[in-house]
Amino acid sequence: MHDSNTRAIAPAGESSGSDRLAGNSKDDNWAEARGMIDGLDGALNMAHEALDRHVIAGHGEQVALRWLGKAGGSRDLTYSEMASLAAQFSNVLASHGLGKGDSLFALMGRVPELYACALGTLKAGLVFSPLFSAFGPEPIRTRMEIGSAKVLVTTASIYKRKIAAWRHEIPSLELVLIAGEEAPEGCVALGPALRAASPEFETVRTKPEDPALIHFTSGTTGKPKGAVHVHNAVLYHAFSGRKALGLTPGTIYWCTADPGWVTGTSYGIISPLVNRVTMIVDEAEFDIDRWYGTIQREKVESWYSAPTAIRMMMRAGAKAAKPYDFSSLRFLASVGEPLNPEAVVWSGKVFGQPFHDNWWQTETGGIMIANLPDMEVRPGSMGKPMPGIEAGIVARKDGILSDLGPKEIGELALRPGWPSMMRSYLHEQARYDKCFVDGWYLSGDLAMRDEDGYFWFVGRADDLIKSSGHLIGPFEVESALIEHPAVAEAGVIGVPDETAGEVVKAYVTLNPDFEWSDDLERDIRGHARKKLGPAVAPREILFRNTLPKTRSGKIMRRLLKARELGLPEGDISTLETDET
Ligand code: ATP
Ligand code: MG
């Protein structure tokens, strides 16, 4: 179904590179991942690699997923139980005449059925697209339309509240499956359907370049884009999970991201299972005691989280962590937003391990730049390009890209060719084409590289502030602000100014025990001036109870700016907190 809109990456001046995309180049570093993939006569299927392969190899009794229920209690699913459940799900889909290339959207909380559904979908050759369950009706509908959804899997309550009213206006939608025992009219209850289905299903022989996943970007900078990924991405998921998150067979691993976002699928379903870990899935949302208790009780070894959660932990202070034993932890990683140096240092003190920042995007499908376990961590740096990944800092002049040297700020670019790179933006071919210039994929983020090859995030290209001839990245200013004991989070933007072009303005939230006052504002401004110098420090600092964020936890600076300037807010479908 997506074939018309799915094309291989063919950057200007290069051959189509299908060999490189397939991970076939001699020197690629993820080729070793192929050794663990048994490829079925040229066919490749993510679900087979994630589940069946382990069962065939005799590891069926290992726990694949330990689910922690919101209301307490837990449930373990072994690799063979997961494989059977996924196969039953595949059979349910096949019994409704669904197959290769059809797209299935999932809209539910982090329950075991969601994971079986993801893998059963892939096993049956369909394309899986997870949505965040807290989305409202409009974002759900738009995404299902963009992705030509044929199947929706959801709960009765979500269906009634958010879907029923417009369900029949989506012409492609053929089947609505409802988790549980009963279904509203016109829908099918999944519980009985699964029980009636056989736990045997012959995996559909998808080709490496067949679409497997549609992920929508976070919508931080505008309307979310639907990025298409193919089964071959599993090679890179396997490789990068092992290399950048320390996932090895039996590792107890917790990825806190929801599968509604690319992190929660690439590194919350596929990569951990392919690497045969035991993964922890917590149905509940962030709660500091629950999180700390989970690490201690489950003996989590590798933990993948995000700056927004880490800042919440910091806000609760070291005393909240004191009663807990974190000695099981051996690797901590973070993604999604810049990780403030303060957070890295703090985690070293509290967990005995620094958080290792890594950088990637929905588009890249996997981790591109990382602080690897065996690397010296430089707080504030995203780390170095993954083995086999070529990254550059480039600038565009007269339509030509040039590679910049150390310490120069430019756009972060990558040489296409790794297996998990997106193959298209759905229905947005022109936008997709624009990402590729002179053999580079342009990320839209600004960064710089130091003499030792570490990459430092500066800001999104749209967020850069130009003030009196200085280029100021909001991240640098935000990091300095949160070093002040009163500041919990900061969002920094540039506002127009007659003399300077733009001046820096900051919005902050406070740590508990602090109250906003003119004195405090002066004190924070003084602190920032000392750290950053008067040209870079914010001219004005405003207090907010919360900052506008995407549901995946990213500060939406464009919204701060639109509100500041009284401009239209643009697409706010992924906005979580809406307090001005
Ligand atoms: P949209 O593309 O719709 O605006 P988005 O870019 O936030 O949304 P994602 O693909 O979820 O959507 O996020 C990728 C972006 O997140 C990166 O381009 C970068 O700006 C930011 N990001 C991710 N990891 C890091 C990191 N470690 N340091 C700094 N920024 C990061
Ligand atoms: Mg983006």
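The paragraphs below walk through selected features of this structure, which is a predicted model.

In general, two packed helices are described by the angle between their axes and the distance between the axes. For helix 5 (residues 112-123) and helix 10 (residues 262-274), the axes come within 11 Å and cross at roughly 70°. Angles from 65 to 115 degrees count as roughly perpendicular, so helix 5 and helix 10 are described as roughly perpendicular to each other. On the side of helix 5, the residues that take part are Tyr115, Ala118, Leu119 and Leu122, and these meet Gly268, Ile269, Ile270 and Leu273 of helix 10. Sorted by class, this contact has 7 nonpolar residues, 1 polar residue and no charged residues.

Asp52 is placed in helix 3 (residues 46-56). Is Asp52 buried or exposed? With a relative accessible area of 15%, Asp52 falls under the 20% cut-off and is therefore buried. The side chain of Asp52 also makes a polar contact, at 3.0 Å, with the side chain of Lys123. When residues up to four places away in sequence are not counted, Asp52 touches Ala47, Ala83, Lys123 and Thr203.

The ligand comes next. There are 22 residues around ligand 1, and those that come nearest are Ser218, Gly219, Thr220, Thr221 and Thr362. Which kinds of atoms are paired here can be followed one residue at a time. In the side chain of Thr220, an N or O atom is 2.4 Å from an oxygen atom of ligand 1. In the side chain of Thr217, an N or O atom is 2.7 Å from an oxygen atom of the ligand. With Glu337 the backbone is involved: one of its polar backbone atoms is 3.4 Å from a nitrogen atom of ligand 1.

Helix 11 (residues 288-298) can be followed from one end to the other. Within helix 11, the buried residues are Ile288, Trp291, Tyr292, Gly293, Thr294, Ile295 and Glu298. Gly293 has a relative accessibility of 13%, which is why it counts as buried. Although Gly293 and Pro323 are 30 residues apart in sequence, their C-alpha atoms are 9.3 Å apart in space. After helix 11 comes Lys299, which has a positive phi near 55°.

Helix 12 (residues 307-316) is mostly covered, with 7 of its 10 residues buried. These are Pro307, Thr308, Ala309, Ile310, Arg311, Met313 and Met314. Just after helix 12, Gly317 has a positive phi of about 85°.

Positive phi values also turn up in loops. Ser148 is not a glycine, yet its phi is positive, at about 45°. This residue sits in the loop between helix 6 (137-146) and strand 5 (149-154), and Ser148 is partly exposed, with a relative accessible area of 29%. Lys407 is likewise not a glycine and has a positive phi of about 70°. Its place is the loop between strand 18 and strand 19 (410-414).

Asp463, by contrast, lies in the loop between strand 23 (455-460) and strand 24 (465-467) and is buried, with a relative accessible area of 14%. Leaving aside neighbours within four places in sequence, Asp463 is in contact with Pro474 and Arg557.

The last stop is a strand residue, Val503, found in strand 27 (residues 501-510). Its relative accessibility is 8%, so Val503 counts as buried. What does Val503 touch, beyond its neighbours within four places in sequence? The residues in contact with Val503 are Ser467, Ile493, Gly494, Val495, Asp497 and Arg539. Val503 and Lys466 are 37 residues apart along the chain, and their C-alpha atoms are separated by 7.7 Å.

How values were computed: Residues numbered from 1 in each chain as written. Chains lettered and ligands numbered in written order. Predicted model: local features only at pLDDT ≥ 70, side-chain atom pairs only at ≥ 80, totals over all residues. Heavy atoms only, no water. Axes fitted to C-alpha atoms, helices over the stretch in contact; angles between N-to-C directions. Helix = DSSP H or I, 4+ residues; strand = E, 2+ residues; numbered from the N terminus. Parallel < 35°, antiparallel > 145°, perpendicular 65-115°, else oblique. Contact = heavy atoms within 4.5 Å. Nonpolar A, V, L, I, M, F, W, Y, C, P; charged D, E, K, R; others polar. Buried < 20%, exposed > 50% of the residue type's maximum accessible area, 1.4 Å probe, protein only. Near = heavy atom within 4 Å. Polar contact = N/O pair within 3.5 Å; in protein donor to acceptor, adjacent residues only side chain to side chain.
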